[in-house]
Structure formats: C-alpha cells, structure tokens
Amino acid sequence: MEIPIFTVDSFTDLPFKGNPAAVCLIENELQDDLYQSIAAEMNLSETAFITRRNSMDFSSGARFGLRWFTPTCEVPLCGHATLASAAVLFYMKKNANPVLVFETLSGELYVRQHEESLIMDFPLNKPNPQDQHEIKDLLKAAVGNLPIQDVCYSPTTKKLMVRLADTCDRSELVSLRPEAESLLRNETTGKIKSLIITLKGAESTQSGYDFYSRVFAPWVGVPEDPVTGSAHTVLAGYWSEKLKKKKMLAYQCSSRGGEVKLEIRNDGRLDIIGQAQIILQGTLKI
C-alpha cells in the first residue's frame, strides 16, 4: 500500500517556522493501530489523515473525513493540522471548491481561502475560572515563581489556561522551561490534556500582538506544541472578553514561532486565520 504524505508548516509564511504537521491522503479507512503507528513514525505534534467522502477524489470533493494523531494518541481537535490539511487539498491537489468541510470528532470544520491565507471556522471554547489552590503544585511546576493573574479551564477541550500577571514581559514567558515529567507528576486525574501559558501584549511595543502564549501537552505526548489552533479557541474566548475585541492578533512564543489571526464571528464561532508552507512531499510504503 502506498499513501501520499506531506509535511506542512502551519501559521507561518516561512519554511521551517510555525508548527509542522504531517498530512496523509487516505483512499480507504485504515485500522486505528496503523494510524497510530504512522503518527509515531512521523513523530510530529500531529499527523492528519484525510479520507474521501461520497466517492469524490481529493481534487473535486468538498467534504472529507479528518482525524488527528499525536505520536501517542488520537486527539479530538487540532487546528494547525487542519490548516495543513486544507493547504494540501487547495495547493497540491488544486481543489477548486470555495469551502472545504472536514467531518471530525469535534463536528464539522470549514476552511476557505482568502488571498494568501486560509480561514478555519472553528468552535469557540470560552474557559471557566479555576481555583488555583486545587492545582497549586501543577502551577508551580508550570511557571515557577512568576506571578499569576488568572487561571481558567476549558472542560470541552481539557485545556488549562494560565495568564501571567501584566508585570511579566514576553522574555519571561519565552524563558519558561517547565519539565514534562514534573507536569505529568502533578496532574494525574486525566482532567487536563494541555497547558496554555499566556500573557497580555505590551501596548508600548510596535508588534501589534494582543497576546502571547506557549502550549505544553505532555499528557498526549507533545512536550511543547509550537503553534496550536485548538488552544486559540480557548485563548480567543478568554482574551476577547478581557480586551473587548472581536479581532485579535496573537503570537505563540515557541522556538519556531507563529502568528495567528483571530476573529469572533457573529454566530459565536471563531475564524482562525493563518498561512501554511508545504515543504515536503512523498509516499509512505506500507
């Protein structure tokens, strides 16, 4: 069996930046253990598997199945690998449909082209306030002695969001080095699958970024996720209320970096806007 495979850098206009995802084009459904073995072999934060629907091919179809696997498990939602999947269909398969629909574990996701960017229509996941004392050891493992302004939790996505105090600056966020083993040791309930650390953008800078973030997910086999769309479904829900904005520009401060544009729609969903660079094309032989 031969499977077309691509590596795509998401949320960047440059190769080798942003968040890399592998994308596989699947003619017929595979066994779950084979999906997982391929994702482990690729060893990226996520590998996406696109399957055809209604006997349409990848160039003419408008509706596809989409699943995402980390090196260790399947996940219910992944933004950067969805962006990467749409990029492969639009740019490599020359799919001419104005909107692509992906059937996923998180419902239907829609992606359309706009100039050099792709726009993903995603659910908005507003987080709820979280009692810091219940998870004080995890917070210590995450941010050390840095002051914390807010802690929120999204039960839908199982993401914990920690907002650093406004007295902190971007360099302190960048310099954080939480150890995966320590995070795993201090959260064993299964309630948290991903940790987001965020910081308000400084009004004195010229960057124009409304907020910064980093994302750590050792619970699903990803020590740090370079740029993640699913985390921004939570971040947008939080920051839109704090900043009183519907349109925001965010930057994820991983070593690869990545820029994410966000716009809360009138229907309560979220447009996540970014660019993608296809850097590798090949064939899996199984």
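Which strands each supply at least two residues of the lining of the second largest pocket?

The model is predicted, so local features need pLDDT of at least 70 and side-chain atom pairs count only at pLDDT 80 or more, while totals for chains, interfaces and linings use all residues. Numbering runs from 1 along each chain as its sequence is written, and side-chain values use heavy atoms, with hydrogens and water left out.

Select E46. An unreviewed UniProt entry annotates E46 as "active site"; such annotations may be inferred rather than shown by experiment. E46 sits in the loop between helix 1 (32-42) and strand 3 (47-52). Helices (H or I, at least four residues) and strands (E, at least two) are DSSP runs, numbered from the N terminus. E46 counts as buried because its relative accessibility is 5%, the limit being under 20% with a 1.4 Å probe and protein chains only.

Next, show the contacts of E46 (heavy atoms within 4.5 Å). Leaving out residues up to four places away in sequence, they include W68, F69, H80 and D225.

Move to the largest pocket, of about 340 Å³. A pocket is an open set of points on a 1 Å grid over the protein atoms alone where a 1.4 Å probe fits, with protein on both sides within 12 Å along at least five of seven lines; lining residues have an atom within 4 Å of a point. Volume is the space filled by probe spheres set on the points, which are joined across faces, edges and corners. Of its 21 lining residues, select V75, P76, L77, T157 and K159, which lie nearest the centre of the largest pocket.

Finish at the second largest pocket, of about 270 Å³. F11, T12, D13, E259 and Q275 are the closest to its centre among 18 lining residues. Strand 16 (258-264) and strand 17 (270-274) each supply at least two lining residues there, and strand 16 gives the most, with four.

Notes
Buried means under 20% relative accessible area, exposed over 50%, partly exposed in between (1.4 Å probe, protein chains only).
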